[in-house]
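Please read this briefing beside the sequence and the coordinates.

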Amino acid sequence: MKRTTLSLIAVTTALAAVTGFATLTTPDSTAAPVAKAPTRLPVQRAGLVCPAPSTSEVAETVYTSYTPAGTPGTAPAGTTAGTSATAEQPTAQLRPAASGATRGGGSGGGKKSKAPKAPATVTAPGKPVTAEANGGSAPALTGAATGTLAPGWTVQQTTAVTAGGARGLLGLTCGAPDTDFWFPAASTAKDRQDYVHLTNPDDTAAVADIELYGPEGVLKSQFTEGIPVPARSTVPVLLSTLTGSAAQRDVTVHVTTRSGRVGAAIGAADDKLGSDWLAAAADPASSAVLPGIPADATSVRLVAFVPGDDDADLKIQLATPTGTIVPAGAGTLHVKSGMTASVDLPDLTRGQAGSLLLTPSDPKKATPVVAALQVVRGKGESAEIAFIPATSAISARATVADNRAKASTLALTATGADAQVKVTASAGSRGGTPVSRTVTVKAGTTTALTDLVPQGLKGTYALTVEPVSGGKVHASRTLALPEDDVKMFTVQPLTDDRGTVEVPSAHQDLKVLED
């Protein structure tokens, strides 16, 4: 089989960071000080972690790195600015993480990483760059963007495996390292091979704990506490080896760290339904939105978990293009405290893309939950699996990279009130002109965009969503790349890119010192 070394995505540029300063008139000494609102400034550093993409020898992985143009403090796409002698050049670079021993055996990792070849580069925000890695030896990647490339930096990892037990289209937006992750819709069933990939981007070791919860509560586990993750290393953990309990179809996984931080994602492989990544769900909340169920979904299964002491009674609704409806025969779900609950939602979308909405059946008894969907397209040998975790609303901006012409669907769902968002299709990785559109999404509906692509597109492109007015908006992107008769697809939720940070005013800083 063909094995080629990984081309890392190293983004370097000659742009200078330009900082603006507001002019402040000094008040009269007798005047009372006026509190100033905090200022939002672009972040100067952003870190990401990408797990090892696959162990299949026929795997073909594409990495797409992108920073949106237009963040205050960044230069427009296609421009460069002079750099002073003392200014540090912005960079965005991913490097291989060392591969630790796989916990639980099997094919989750443990192979030696290959040395990187020449990096791909970009000269400014606003244009995606790509790199490829073929075969089963591609390592996990860790890295950071600095300066003008940091605000909104995103990396998409897309892997196509066309044969074998890991067959599928596996997509993941590489995530930021953290200390707490929830994964509903995992499994320890005999026909599933689910690995949680723990990747440490830092120079010091991390120690992680894994908790498993099934329909009856905590699964009796072993070797789940104090899992060491060495510095700049990745450790895959096979979930089914962590418990002596009977195999469970629906399991909720809780990953925490007692020291350090890690990136975490679950690679799920089903003997009959293919494979994909399960990304972490949004933090526990009394309501949840699971956006972007494909119009031709043949099977949808909701999995939910309550981490607190109280049970939850949830109302289930589907936000369609025309309004909100209650799925036939599945309008509610009772979730016991500390237990994983699930329900099948047959014939849910009926040819229209939609998003699932979970709210308390009794608003006076709101209980935080975490949730995710297992979605299948196709039937029989053409069936393919993907996952949609509950997703937070976009507060300022969110981006998903590696979109393909006639293969990408952007789903936008508004809750509470009508909303307007600006959607921008970036320049293509090999050419094209960006295109933007303002989209109005009615409250309680889902709008699916399939026709927003750059003019003269060559290569792949990024989609960026920015709220303009109105209610909250949740979004996801479906990438569908059929292989022969197999309905290969993957769904990525759009999460806020946290491209800016709130900085207190000078007066507030002085006030804190005085207090």
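The points below are grouped by topic, after a short note on the model and its conventions.

This is a predicted model, in which local features need pLDDT of at least 70 and side-chain atom pairs count only at pLDDT 80 or more, while totals for chains, interfaces and linings use all residues. Residues are numbered from 1 along each chain as its sequence is written, and side-chain values use heavy atoms, with hydrogens and water left out. Helices (H or I, at least four residues) and strands (E, at least two) are DSSP runs numbered from the N terminus, and two strands are said to pair if DSSP finds at least two bridges between them.

**The largest pocket**

- The largest pocket has a volume of about 1200 Å³, where a pocket is, on a 1 Å grid over the protein atoms alone, an open set of points where a 1.4 Å probe fits, with protein on both sides within 12 Å along at least five of seven lines. The grid points are joined across faces, edges and corners, and the volume is the space filled by probe spheres set on the points.
- The lining of the largest pocket (residues with an atom within 4 Å of a point) is made up of 49 residues, and those nearest the centre are Gly175, Ala176, Thr495, Asp496 and Arg498.
- Two or more lining residues are given by each of β3 (45-50), β10 (168-173), β11 (180-186), β12 (192-200), β18 (263-270), β19 (274-278), β28 (384-389) and β36 (489-494); the largest share, five residues, comes from β3.
- By residue class, the lining holds 28 nonpolar, 14 polar and seven charged residues, with Ala, Val, Leu, Ile, Met, Phe, Trp, Tyr, Cys and Pro counted as nonpolar, Asp, Glu, Lys and Arg as charged, and the others, Gly among them, as polar.

**The five-stranded mixed sheet**

- Five strands form an open sheet with mixed pairing in the order β6-β16-β12-β18-β19, and its edge strands, each pairing on one side only, are β6 (98-99) and β19.
- Within this sheet, β12 and β18 run antiparallel and are joined by eight bridges, with Arg192 standing opposite Asp270 in β18.
- On its other pairing, β18 meets β19 in the antiparallel sense over five bridges, and the two strands form a hairpin with three residues between them.
- Strand β18 is mostly covered, since eight of its eight residues are buried, buried meaning under 20% relative accessible area, exposed over 50% and partly exposed in between (1.4 Å probe, protein chains only).
- Both faces of β18 are covered, with Gly263, Ala265, Gly267 and Ala269 buried on one side and Ala264, Ile266, Ala268 and Asp270 buried on the other.

**The four-stranded antiparallel sheet**

- Four strands, in the order β7-β4-β9-β10, form an open sheet whose pairing is antiparallel; the edge strands are β7 (129-134) and β10, each of which pairs on one side only.
- The twist from one strand to the next averages 15°, with axes taken as lines fitted to C-alpha atoms and angles running from 0 to 180 degrees between N-to-C directions.
- Strand β4 (residues 60-66) pairs with β7 in the antiparallel sense over six bridges, and Glu60 stands opposite Asn134 in β7.

**Individual residues**

- Ser408 has its place in strand β30 (residues 408-425) and is buried, with a relative accessible area of 5%.
- The side chain of Ser408 is joined to that of Asn403 by a polar contact of 3.2 Å (a pair of N or O atoms within 3.5 Å, of which, within protein, one must be able to donate a hydrogen and the other to accept it, residues adjacent in sequence counting only if both atoms are side-chain atoms).
- A polar atom of the Ser408 side chain also lies 3.1 Å from the backbone nitrogen of Arg404.
- Asp402, in strand β29 (residues 398-403), has a positive phi of about 60° although it is not a glycine, and is buried at a relative accessible area of 0%.
- Arg232, in the loop between β15 (227-229) and β16 (233-238), has a positive phi near 50° and counts as partly exposed at 40% relative accessibility.
- Asp191 is found in the loop between β11 and β12 and is partly exposed, with a relative accessible area of 35%; its C-alpha atom is separated by 9.6 Å from that of Leu273, 82 residues apart along the chain.
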